[in-house]
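Here are my notes on this model, point by point. Please read them with the structure open.

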Amino acid sequence: MAKSFEPSVVERGWYEWWHTEARVFGPRSEREGGEERPPFSMLLPPPNVTGALHIGHALTVAAQDSIARWRRMCGDDVLWVPGLDHAGIATQTVVERRLLKEEGLTRHDLGRDEFLRRVWAWRDQYGERITGQVRRLGASLDWSREFFTLDDARSRAVNEAFSRMFEDGVMYRGQRLVNWCPALRTALSDIEVDIKQIEGPTKLSVPAPSGSATAEAAMREVELGWIETFEYAAEGGGPGLRVATTRLETMLGDAAVGVHPEDPRYAALVGKNLVHPLTGRLIPVVADADLVDMDTGTGAVKVTPAHEPNDFECGLRHGLHAAGLFDDSGRLVQSVWPDGGGEVVPGDLVGADRFHARDAVRALLQQRGAYVGREPKSMAVAVCSRSGDVLEPMMRAQWWARADAMAGRAREAVSSGETAVRPASAEAEWQRWLGESRDWCVSRQLWWGHRIPAWRVRRSGGAPAPVPDGPGEAPAVSSALRRWGVFEGEEWVCAADEDEALRIARLAARSEEAQASARAAGLDLSEVACVERDPDVLDTWFSSGLLPLAALGWPADDAAGTPGDLGLSPSLRRFYPMSVLETGQDILFFWVARMVMLCATVPRETSATSPGPLQSPFEQVLLHGMVRDAEGRKMSKSLGNVIDPLAVTDGRPLADMLADVASGNLSAAEAKRAEARILADFPEGIPASGADALRGALLHLMQGQSADVNMDVRRVQSWRLFCNKLWNASRFVLAGVEAQAAPAGAAQPAAAAGVGAAGPLGPRHAVLTEDLAAALPLPARWLLHRAAVATADVNTAFATFDIGAGAARAQAFVQADLCDVAIEWCKPSLSVQPAGGETGAPAEASAARREEAAATAAALAVALDAALRLLHPMMPFVTEELWQRLHRTGLEGAMDGQTPTDSLAEAPFPLLPGPYRAGLSVSDCSQGGWSSAGEPASGPSLLRFVDPDLDATMATLTSVVSSARAVTAVAQRVAGAALSAITPAACA
């Protein structure tokens with residue numbers, strides 16, 4: 001056994017052995033048959049295929065794997081499902097940036113098919129890299145169920161969910177105001193919007209107008225933080241109205257000026273017209289108490305229905321025209337105002353970017369004497385969370401999901417206790433956000449993602465093609481009608497492919513209900529000329545929101561052989577709802593809420609054991625904080641503080657870290673800033689610490705669960721030193737065990753082959769027998785007491801999902817109790833040199849002394865066995881290595897007389913008899929609280945060593961010995977001083 005812990009050696013082969021030989025990662029019910037074990041299931045939040053994992057992902061992997069390993073060791077039938085998310089906007093953005101940087105091309109230069117081929121190549125490259133990172137971290141996932149959110153099975157689930165929502169009237173198409181990102185040319189949901197608070201004039205770096213030839217030209221600075229005032233003249237002369245705006249260019253689309261109905265200053269103007277200073281068209285003055293606060297500003301508000309949410313609502317109330325000003329990339333487009341209002345945009349401004357148009361509009365207003373001035377303004381700026389572009393509210397036809405019923409179901413799931421959200425403080429935020437939830441825009445104007453399964457119908461004007469009559473015609477027409485609809489004057493059908501879309505359109509035309517709807521919209525249901533699929537894709541969070549179902553095989557074909565079960569796969573029946581979701585609190589509403597909303601409402605399947613809609617997808621939702629750098633800053637590639645977990649586990653030279661920055665997608669300015677941060681934080685690169693050390697450091701920081709984690713990579717080194725301490729403690733214990741098995745000079749019996757087989761230690765020492773227990777010296781009895789206390793504490797921590805506390809408690813037992821106290825006290829009993837070299841008791845030692853040595857060795861082995869089991873969920877590699885070495889000495893079963901297993905990953909977790917999950921403490925146990933409700937132990941148990949008085953006794957003994965050592969040290973110093981004072985002459 002090596003003299004020190006070397007992670008690159010210890011962690012090298014165990015993962016593949018767990019996965020392929022021990023086969024411990026899948027559900028035991030599928031290996032062993034039967035369903036006697038309680039099911040326990042989790043879903044790993046699928047990483048985006050945008051690149052590589054960072055430390056935040058490592059925290060999620062470590063936390064979930066700790067839970068999975070603990071439940072597996074507790075005997076549960078564990079399923080933990082892995083996967084990757086296609087991450088529509090994020091992945092398309094990074095591929096487009098790489099394409100622009102390396103080839104000077106845009107996706108439009110390539111075309112849709114070629115661009116998608118490039119993105120799939122990216123997915124293959126980085127998907128393998130990500131799964132390699134997850135494996136290196138030790139995640140005990142069932143890789144046989146690995147999914148990708150764009151694979152065929154998940155695509156089928158997405159199409160099925162959209163279809164059911166369409167049929168139920170939950171999915172509809174509407175022209176509404178959306179958050180539009182001109183840089184990405186797509187709509188965003190409200191939760192994809194970041195709000196930047198600025199105090200007065202501020203320059204922001206944003207993407208330049210589309211069409212820039214190089215990546216360096218793709219960013220520009222715009223100045224925000226001004227409020228500008230201009231004046232509308234009254235029709236026919238007289239006093240006009242002054243209005244103020246932070247987006248001056250939108251005045252081109254003003255449809256009215258609003259005033260408060262009780263404002264006496266403007267009462268005479270209500271119902272009259274003002275003259276637009278740039279186009280000359282007339283716009284009315286409207287009274288609107290919901291829009292206008294007469295005590296704010298001038299008391300008059302410009303109304304631009306197509307570009308401001310409150311103005312949009314005002315426009316609906318007053319029947320105002322909504323004139324869209326911009327194309328998808330944020331450039332001014334021309335349109336004509338109805339009823340002879342003329343052109344909306346002055347001709348020389350058509351095609352101008354919105355921020356350039358702002359300057360141009362200001363200059364035109366100044367020329368015409370309508371501009372009043374501007375002043376600094378504190379404001380909240382909505383920016384795209386992906387591109388950083390300033391968002392523009394725009395009118396666009398999109399697909400929407402009605403959110404009221406889904407949000408209500410999600411609120412009920414938490415309020416009823418069906419799903420518990422931890423920490424409890426998140427429940428109030430859950431209820432508040434879902435209570436304010438608006439309809440969900442699910443359309444995205446992207447190419448990478450699930451293509452929306454909706455088709456616009458174009459008809460020829462000729463007579464409709466006949467549909468064969470027959471007994472099945474009426475049901476077929478009725479079924480088609482559920483997938484047909486008229487939205488915003490357009491005819492749409494929901495179908496998976498073109499043939500099905502044509503069939504539905506033709507069948508629906510035979511329905512009197514469809515014909516009436518078409519006539520009301522000014523449409524005819526003549527023969528179908530063609531169907532055109534919506535070019536948009538679905539919001540990534542729509543497909544991700546279905547994962548608790550889709551990852552378990554939904555929708556399955558009807559289970560004809562199982563009465564009462566429809567569309568439920570065996571995995572769904574066994575493992576749904578999932579037991580736990582552990583994830584970051586920053587995606588509580590991006591993802592977690594969406595999953596509960598969709599999974600608890602979309603399926604229609606019923607089960608004989610659970611009639612009605614399926615349950616909420618999770619029994620427990622655990623939220624951890626965001627991982628920040630050592631200085632508390634959010635990790636960002638442009639700051640250079642994003643760390644690859646493998647750089648910590650395997651080490652990363654400084655030159656390689658700088659090369660990673662140079663080969664990335666950062667602009668020159670961002671790369672320079674990132675390089676400076678790396679040079680400051682890691683002047684010598686990152687030393688290798690191993691996966692166990694990284695996991696331990698991250699989990700230890702999780703104490704408090706929801707608080708943000710400030711991660712200093714140098715902290716991981718302290719956990720590497722802890723691994724080394726555990727390694728050396730194990731060397732000492734193994735040396736002591738082997739010494740007692742075969743006294744010095746005696747022949748050493750050969751070790752039996754195979755993991756867990758009996759080895760050099762004889763049968764008498766396989767468990768801590770009653771005889772040996774009676775011979776235990778005080779330090780060894782105290783150690784077993786402390787092992788029992790640690791066992792109770794770690795189990796309680798895990799049962800309450802306080803994984804950080806469990807990691808800290810297991811570490812404290814090893815470091816403080818086992819290493820710093822017990823081993824030092826037990827050395828005399830074992831007669832083992834500190835270096836672990838020559839061992840063996842003197843020939844004349846008494847039988848009692850030999851019995852004490854054997855008992856001490858067995859107690860240390862039991863304590864080490866418990867420590868390795870307690871630590872294994874958090875630190876699987878080093879504990880498996882040491883546990884295998886310990887049990888090759890024949891100590892399998894040293895804890896509670898358990899039967900042999902092949903791997904620590906499935907060895908029983910140290911459990912004191914009784915309901916530890918109910919929160920009983922060791923003091924309760926010592927007072928009999930465990931025995932009355934507990935289960936009988938299967939053999940000698942740590943329970944018998946629980947004795948709180950031992951802590952006080954050991955503390956007293958330690959104090960006495962420390963005092964004696966202090967006195968001895970003083971005496972030695974005095975004697976030394978006296979000797980040095982004796983001169984050679986005096987001696988003579």
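1. Start with R594. This residue is buried, since its relative accessible area is 5% and the cut-off for buried is under 20%. R594 belongs to helix 19, residues 588-599. Beyond its sequence neighbours up to four places away, R594 touches S189, I191, W433, W440, W541, G545 and F589. A407 is 187 residues from R594 in sequence, yet their C-alpha atoms are 8.8 Å apart in space. Keep in mind that this is a predicted model.

2. Next, the cores. The largest nonpolar core holds 135 residues. Within this core, the residues that touch the most other members are W18, L694, M711, L860 and V878. Where does this core lie relative to domain 1 and domain 4? It lies between them, because both domains give residues to it. Domain 1 is assigned as 24-165 + 539-606 + 613-686. Domain 4 is assigned as 713-740 + 764-832 + 846-914 + 940-972. A second, separate core has 112 residues, including L278, L364, M595 and L614.

3. Neighbours within four places in sequence aside, M711 is in contact with I55, V627, R628, D629, A630, L694, A697, L698, L701 and V716. One of these, L694, is also among the core residues that touch the most other members. L694, A697 and L698 are also among the buried residues of helix 23.

4. Helix 23 itself. Nine of its ten residues are buried, so helix 23 is largely enclosed by the rest of the structure. The buried residues are A691, D692, A693, L694, R695, G696, A697, L698 and L699. The list includes D692 and R695, which count as charged.

5. S689 lies in the loop between helix 22 (668-681) and helix 23 (691-700). Is S689 buried or exposed? S689 counts as buried, at 2% relative accessibility. Leaving out residues up to four places away in sequence, S689 touches P7, V648, T649, V716, Q717 and R720. V716 is also a contact of M711.

6. Helix 2 and helix 29 pack across each other. The axes of helix 2 (residues 14-22) and helix 29 (residues 876-887) come within 10 Å and cross at roughly 80 degrees. The two helices are therefore roughly perpendicular. Helix 2 makes the contact through W14, Y15, W17 and W18, and helix 29 through P876, F877, E880, E881 and Q884. These contact residues divide into six nonpolar, one polar and two charged.

7. V257 sits in strand 12. V257 counts as buried, at 0% relative accessibility. Residues up to four places away aside, V257 touches Y232, L241, V243, L274, I283, P284, V285, V286, A300, V301 and V303. K302 is 45 residues away in sequence, but 4.5 Å away in space, C-alpha to C-alpha.

8. Finish with Y266. It occupies the loop between strand 12 (256-259) and strand 13 (273-275). Y266 is buried, with a relative accessible area of 12%. Apart from residues up to four places away in sequence, Y266 touches L241, V259, T298, G299 and A300. L241 and A300 are contacts of V257 too. Y266 and L241 are 25 residues apart in sequence and 8.7 Å apart in space, C-alpha to C-alpha.

Methods:
Residues are numbered from 1 along each chain as its sequence is written. This is a predicted model: local features need pLDDT of at least 70, side-chain atom pairs count only at pLDDT 80 or more; totals for chains, interfaces and linings use all residues. Side-chain values use heavy atoms; hydrogens and water are left out. Helices (H or I, at least four residues) and strands (E, at least two) are DSSP runs, numbered from the N terminus. Buried means under 20% relative accessible area, exposed over 50%, partly exposed in between (1.4 Å probe, protein chains only). Contact means heavy atoms within 4.5 Å. Axes are lines fitted to C-alpha atoms, for helices over the stretch in contact, and angles run from 0 to 180 degrees between N-to-C directions. Angles under 35 degrees count as roughly parallel, over 145 as roughly antiparallel, 65 to 115 as roughly perpendicular and the rest as oblique. A nonpolar core is a set of buried Ala, Val, Leu, Ile, Met, Phe, Trp, Tyr and Cys residues joined through side-chain atoms within 4.5 Å. Domain bounds come from an automatic or database domain assignment.
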